[in-house]
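Trainee: I have a two-chain model open and would like to talk it through with you. Shall we take it one question at a time?

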Amino acid sequence: MSEAIERHTIAVLVDNEPGILARVVGLFSGRGYNIESLTVAETDPANNLSRITLVTSGTRMIIEQIKAQLSRLVPVHGVHDLTDEGPHVERELALIKVAGTGEKRIESLRLADIFRAKVVDSTTESFIFEITGSTEKLNAFVKLMEPLGLVDVSRTGVVAIARGPRGFS
Amino acid sequence: MSTEPMQGAELLIKALVDQGVEVIFGYPGGAVLPIYDALFKQNRLRHILVRHEQAAVHAAEGYARSTGKVGCVLVTSGPGATNAVTGLTDALMDSIPIVCLTGQVPTHLIGNDAFQEADTTGITRPCTKHNYLVKDVRDLARIVHEAFYVATHGRPGPVVIDLPKDVLFASGDYTPPEAVTHKSYRPQVEPDPQRIEEAIELIRGAKRPLFYGGGGIVNSGPKAAQLFTELVRTTDAPATLTLMGLGALPASDPRFLGMVGMHGTYEANLAMHGCDVMIAVGARFDDRVTGKLSAFSPNSKKIHIDIDPSSINKNVRVDVAIVGDAGRVLEAMLAALKRRKAKPDGEAMAAWWRQIDEWRKRDCLRYRKSDDVIKPQFALERLYAAVKDRDTIITTEVGQHQMWAAQFLRFERPNRWLTSGGLGTMGYGLPAAIGAQIGNPGATVIDVAGEASILMNIQEMSTAVQYRLPVKVFVLNNEYMGMVRQWQELLHGGRYAESYTAALPDFVRLAEAFGGVGLRATKPSELDRVIAEMLRADKPCIVDVLVDKTENCFPMIPSGAAHNEMLLGPEDAGGSKKPVSEDGMVLV
Ligand SMILES: Cc1ncc(C[n+]2csc(CCOP(=O)(O)OP(=O)(O)O)c2C)c(N)n1
Ligand SMILES: [Mg+2]
């Protein structure tokens, strides 16, 4: 069994009830697993279900443990390892504030255009860009903004969904 | 279908009764007064008043483990709930089905640091299988039924229901158990037939098979233990049991090698090291069993049967994983074995048994006999001789006495050995004995104790006296926290920091002060008489057995060592005397 560290994106369908996030987060901290990102929101109001997308890393044995431990939580309806289960789409959204004037301001706009980031707010001295894409793309954009007056970043963490006609079952 | 609306506290009692609860172990307080009021007005539920909430949970555990029913607990908010935490953690680690009701401040005060408020669901989240905060009386009965379902299905465990006081006063409709199905929790019980075939294939090709049975067999029920025994006998393979599994195979069966693990027998541990096919049933490859993981049973194919998928491949990689209830899996395996007339290779098995007999000749539990001082092992041998023909339930505290009890007392059936395995909780044994005696009024219930551990829940003598429970506390009194002393001797250069208890109470007079019987044995020759007197006592009884103060418990696999690096006692000439490695020192 390989000891290599793997990065996995896992989708978890849970009852939308108080304490559920604490259960999931407590599981990770209590057992010493990594959470690289975690997003949660209600996705099926009729059935009162929320979907958690989390990105974690560990050896294959740890990843399997993480999935088994998640599945064992009583309010969990299902766990899918999107990384293992085949092609899927991963997206992250970020709001990025860049402050500055003159050349730098123009350069930030030009790069935003290349990255298809949208300007969602502007003042004479600042822009807020909205950008979606892979984690890597967002990282790259943030890096480029650093010398151009980056002042604030807010990111959602990864959301992901499997490709093809089938839903979460 | 629902009748008159009822008050929350009454709904609760009705739900408990409908769940078959007969006994509840508890302690009152402001937040649960409505429940005590409702208890007062009925006579279907019996309440046992303990003297500390930790003991309420251990008593419920003792009741559950000895009867196969759910143990039920009732404590107040704040300190009542926090006192219960050790018991809940104990039940979680040993997979014991418990439903614990905790009082809570009224909903409008939650979060205000109100008097006796504690974030009970927050505190107990990591030490329960699941927990609930009931915010609306309309959910109350459903949640109780769900809690019993969760506590008993899949891998059993403790469930907390936190009950704000206003919810207990509010009125609402009752929901009967039949009307409740859990939304999401459906643990796998039936095994995958393909995996069964793979397991049978491995067993058939085995030359040195070994069964390794654990508490999962006991939890599954007496039928599972019967099937396990049948499987062991059908294959005529050797079998070992974990601390939690003792009784899953009759100790008198010649195929039983004794307990495995840190203080397991030489033959069990070497068989585990040397087997070529290991069949783990309801056992979780705990670190007390495996020793050094990288050297654990290096040449075996492993079959792992467990109801909890997260137990599989957690510590040890296995070759065939079978998720399901131990009873159902064993049944399927037996059927498949018989259908295929599969048996391990006869000649190879004969050689394997010859090897095991060689190991057995080492007589690893041998100890130096004495006419002057009571050896703890000897005290247990005499105890066993006196109780073996009775229906005896043994509980223990934690320490050397616990390991000696596991080695020297023999269990012919499950649910008769109750010990804190996973958490190792000193103070477990007396309350557990009380719970066991409540559930088994006719049985002889004995807590094999250490003098340090017993002081952690000694107040429960008062409970035992109140309910006229003839539980017996058999204290192997070495004046030391013996297990701590043993580690200090072997691992810390004999620097006995704080492991000696000066100013111990006089246990005989202590028992009498509580209203029980106190006895003492100081010489080996007194043991039989004192034990007989203890068995005759119809009141709670403490026996103070003054044993050798410096006896160590062997065999021992020091932390971080492999099974074949076991330390044997001073009576053994050839045992490993390898010092403990630095890696091992950091382990517990
Ligand atoms: C609540 C708790 N605290 C501390 C320990 C650590 N511990 C394990 S065994 C032991 C000594 C037990 O002494 P005693 O009850 O006299 O038993 P002996 O080993 O002497 O038989 C201690 C302190 C524990 N297991 N549980
Ligand atoms: Mg002691």
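Trainee: In which loop of chain B is the place of Glu498(B)?

Mentor: Happy to start there, and do keep in mind that this is a predicted model. Glu498(B) is a residue other than glycine, yet its phi is positive, near 60°. As for its place, look to the loop between H21 and helix H22 (507-514) of chain B.

Trainee: Thanks! What is the phi of Glu479(B), which is not a glycine?

Mentor: First find Glu479(B) in the loop between strand S18 (472-477) and helix H21 (482-491) of chain B. Its phi is positive although the residue is not a glycine, and the value is about 65°.

Trainee: Is the peptide bond from Phe554(B) to Pro555(B) cis or trans?

Mentor: Pro555(B) sits in a loop too, the one between strand S20 (541-546) and helix H24 (582-585) of chain B. Omega for the bond from Phe554(B) to Pro555(B) is near -5°, and the bond is cis.

Trainee: Now for helix packing: how are H3(B) and H5(B) oriented to each other, roughly parallel or roughly antiparallel?

Mentor: Two packed helices are described by the angle between their axes and the distance between the axes. Here helix H3 (residues 53-67) and helix H5 (residues 85-93) of chain B have axes 7 Å apart, at an angle of about 25°. Angles under 35 degrees count as roughly parallel, so H3(B) and H5(B) are roughly parallel.

Trainee: And how do the residues of the contact of H3(B) with H5(B) divide by class?

Mentor: H3(B) brings Gln54(B), Val57(B), His58(B) and Glu61(B) to the contact, while H5(B) brings Thr86(B), Gly87(B), Leu88(B), Asp90(B) and Ala91(B). Sorted by class, these residues come to 3 nonpolar, 4 polar and 2 charged.

Trainee: Let's move to the other chain. In what order do the elements of chain A run from the N terminus on?

Mentor: Chain A has 4 helices and 9 strands, and its C-alpha trace spans about 55 × 40 × 35 Å along the principal axes. Reading from the N terminus, the order is β-α-β-β-α-β-β-α-β-β-α-β-β.

Trainee: By about how much of a helical turn are Glu64(A) and Lys67(A) separated?

Mentor: These two form a salt bridge, with their closest N and O atoms 3.5 Å apart. Both belong to helix H2 (residues 60-72) of chain A, and because they are 3 residues apart there, the separation is about one helical turn.

Trainee: What is the area buried between chain B and chain A?

Mentor: The contact involves 20 residues of chain B and 16 residues of chain A. Carbon and sulfur atoms give 54% of the buried area, which comes to about 1,500 Å².

Trainee: Last one: which residue of chain A meets Asp308(B) in a salt bridge?

Mentor: Over all chains the structure holds 52 salt bridges, and 2 salt bridges are counted between chain B and chain A. On the side of chain B that touches chain A, there are 5 nonpolar, 7 polar and 8 charged residues. Asp308(B) has an N to O distance of 2.6 Å to its partner, and that partner is Arg72(A).

Terms used. Residues numbered from 1 in each chain as written. Chains lettered and ligands numbered in written order. Predicted model: local features only at pLDDT ≥ 70, side-chain atom pairs only at ≥ 80, totals over all residues. Heavy atoms only, no water. Contact = heavy atoms within 4.5 Å. Buried area = accessible area lost by both parts, 1.4 Å probe. Salt bridge = Lys/Arg side-chain N within 4 Å of Asp/Glu carboxyl O. Nonpolar A, V, L, I, M, F, W, Y, C, P; charged D, E, K, R; others polar. Axes fitted to C-alpha atoms, helices over the stretch in contact; angles between N-to-C directions. Helix = DSSP H or I, 4+ residues; strand = E, 2+ residues; numbered from the N terminus. Parallel < 35°, antiparallel > 145°, perpendicular 65-115°, else oblique.
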